[in-house]
Amino acid sequence: MLILNSTLSVYVKVPFSFRYPYHYTGAVDGVEEVPPFQPQVFTYVCDVGKRESVYLTAEKVRREVGDVDVLVNNAGVVSGHHLLECPDELIERTMMVNCHAHFWTTKAFLPKMLEMNHGHIVTVASSLGLFSTAGVEDYCASKFGAVGFHESLSHELKATEKDDIKMTLVCPYLVDTDMFRGCRIRKEIEPFLPPLKSEYCVKQAMRAILTDQAMICTPRLMYMVNFMKSILPFEAVVCMYRFLGADKCMYPFIAQRKQAMNNNEAKN
């Protein structure tokens with residue numbers, strides 16, 4: 001399994017019993033636990049936004065560890081600026097890491113999967129790849145691009161009848177990390193839709209991967225929001241956003257980012 005973050009790739013060589021847990025029979029009550037396994041973990045530094053770096057690192061992984069059968073595209077960055085205040089370089093960086101990197105990593109590892117007709121590609125996108133909000137145009141565009149890439153590739157694999165290469169799209173709601181610290185929806189709604197714990201998101205994603213689920217949105221309410229966005233007129237969607245407080249949910253986050261940058265400049 002190869003898990004890709006913004007500048008670091010982690011290859012985990014895992015025994016068969018980890019991906020497909022089972023129990024031995026013949027013990028007390030007819031069940032015996034599988035002995036603890038010791039996965040081998042290898043780390044590589046790689047700028048996934050640069051295709052040359054991806055291709056060189058991919059070759060190094062194949063040479064030093066072996067072929068990759070599970071590719072997890074998890075890299076993601078956010079600029080935290082309104083469009084007209086966002087430097088062009090940050091917009092380009094967001095698109096390269098969040099979207100373009102999926103092309104380079106897939107081109108690096110898909111050929112062997114096609115040869116073996118075996119593998120799994122996981123795209124960690126976002127609920128903001130299904131519906132958008134104000135203030136994060138670059139992030140939304142990059143995640144919409146990642147979702148479009150994933151869906152098109154899924155259709156291509158089906159068209160070529162490579163049915164044993166699985167695809168899983170992961171679209172979580174706001175996760176409680178520093179990435180979007182400060183983001184807030186309407187305070188009356190927030191108790192019913194709080195930021196997700198990262199451990200919960202990982203468990204849901206792993207369950208989807210191990211069961212070959214094509215798509216997982218967390219929480220399940222995201223399926224409904226996406227469906228309503230698809231069938232309602234735009235003005236009705238705007239009203240729904242305003243009711244939830246989702247129309248300006250990124251504004252506190254952006255203001256917090258701006259204040260932090262100003263404080264750093266003042267220190268320097």
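Trainee: Great. Where does H81 sit?
Mentor: H81 is in the loop between β4 (70-73) and α3. Keep in mind as we go that this is a predicted model.
Trainee: Noted. Is H81 buried or exposed?
Mentor: H81 counts as buried, because its relative accessibility is 13% and the cut-off for buried is under 20%.
Trainee: And which residues is H81 in contact with, leaving aside neighbours within four places in sequence?
Mentor: With those set aside, H81 touches C86, P87, L90, G135, I254 and M261. L90 also turns up on the α3 side of the contact between α3 and α4.
Trainee: Let's go there, then. How do the axes of α3 and α4 cross?
Mentor: The axis of α3 (residues 88-116) comes within 8 Å of the axis of α4 (residues 137-159), and the crossing angle is roughly 15°. The two helices are therefore roughly parallel to each other, since angles under 35 degrees count that way.
Trainee: Which hand does the crossing have?
Mentor: It's right-handed, as α3 passes α4.
Trainee: Which residues meet there?
Mentor: From α3 you have L90, I91, T94, M95, N98, C99, H102, F103, T106, L110 and L114. They meet D138, Y139, A141, S142, K143, G145, A146, F149, L153 and L157 of α4. Sorted by class, the contact of α3 with α4 has 13 nonpolar, six polar and two charged residues.
Trainee: Nice. Switching to the core: how many residues are in the largest nonpolar one?
Mentor: The largest nonpolar core has 31 residues. Those with the most contacts inside that core are V136, Y173, F180, C183, M222, M250 and F253. At least two of the core residues come from each of α4, β6 (165-172), α6 (221-231), α7 (234-244) and α8 (251-267).
Trainee: Can we zoom in on M222? What is M222 in contact with beyond its neighbours within four places in sequence?
Mentor: Beyond those neighbours, M222 contacts S127, F131, Y173, L193 and C217.
Trainee: Now the backbone. Where is the cis peptide bond?
Mentor: The cis bond joins T218 and P219, with omega at about -10°. P219 belongs to the loop between β7 (215-218) and α6.
Trainee: And which residues have a positive phi although they are not glycine?
Mentor: N117 has a phi of about 50°, and E161 has one of about 60°. N117 lies in the loop between α3 and β5 (119-124), while E161 lies in the loop between α4 and β6.
Trainee: What about their accessibility?
Mentor: N117 is partly exposed, with a relative accessible area of 24%. E161 is exposed, at 63%.
Trainee: One more residue, E64. Which helix is E64 in?
Mentor: E64 is in helix α2 (residues 51-64) and counts as partly exposed at 46% relative accessibility.
Trainee: To finish, how many helices and strands does the protein chain have?
Mentor: The chain has eight helices and seven strands. Of its 268 residues, 41% count as buried. Among contacts between residues at least 6 apart in sequence, 70% join residues at least 24 apart.

Methods:
Residues are numbered from 1 along each chain as its sequence is written. This is a predicted model: local features need pLDDT of at least 70, side-chain atom pairs count only at pLDDT 80 or more; totals for chains, interfaces and linings use all residues. Side-chain values use heavy atoms; hydrogens and water are left out. Axes are lines fitted to C-alpha atoms, for helices over the stretch in contact, and angles run from 0 to 180 degrees between N-to-C directions. Helices (H or I, at least four residues) and strands (E, at least two) are DSSP runs, numbered from the N terminus. Angles under 35 degrees count as roughly parallel, over 145 as roughly antiparallel, 65 to 115 as roughly perpendicular and the rest as oblique. A crossing is left-handed if the near helix is turned anticlockwise from the far one by less than a right angle, and right-handed if clockwise. Contact means heavy atoms within 4.5 Å. Ala, Val, Leu, Ile, Met, Phe, Trp, Tyr, Cys and Pro count as nonpolar, Asp, Glu, Lys and Arg as charged, and the others, Gly among them, as polar. A nonpolar core is a set of buried Ala, Val, Leu, Ile, Met, Phe, Trp, Tyr and Cys residues joined through side-chain atoms within 4.5 Å. Buried means under 20% relative accessible area, exposed over 50%, partly exposed in between (1.4 Å probe, protein chains only).
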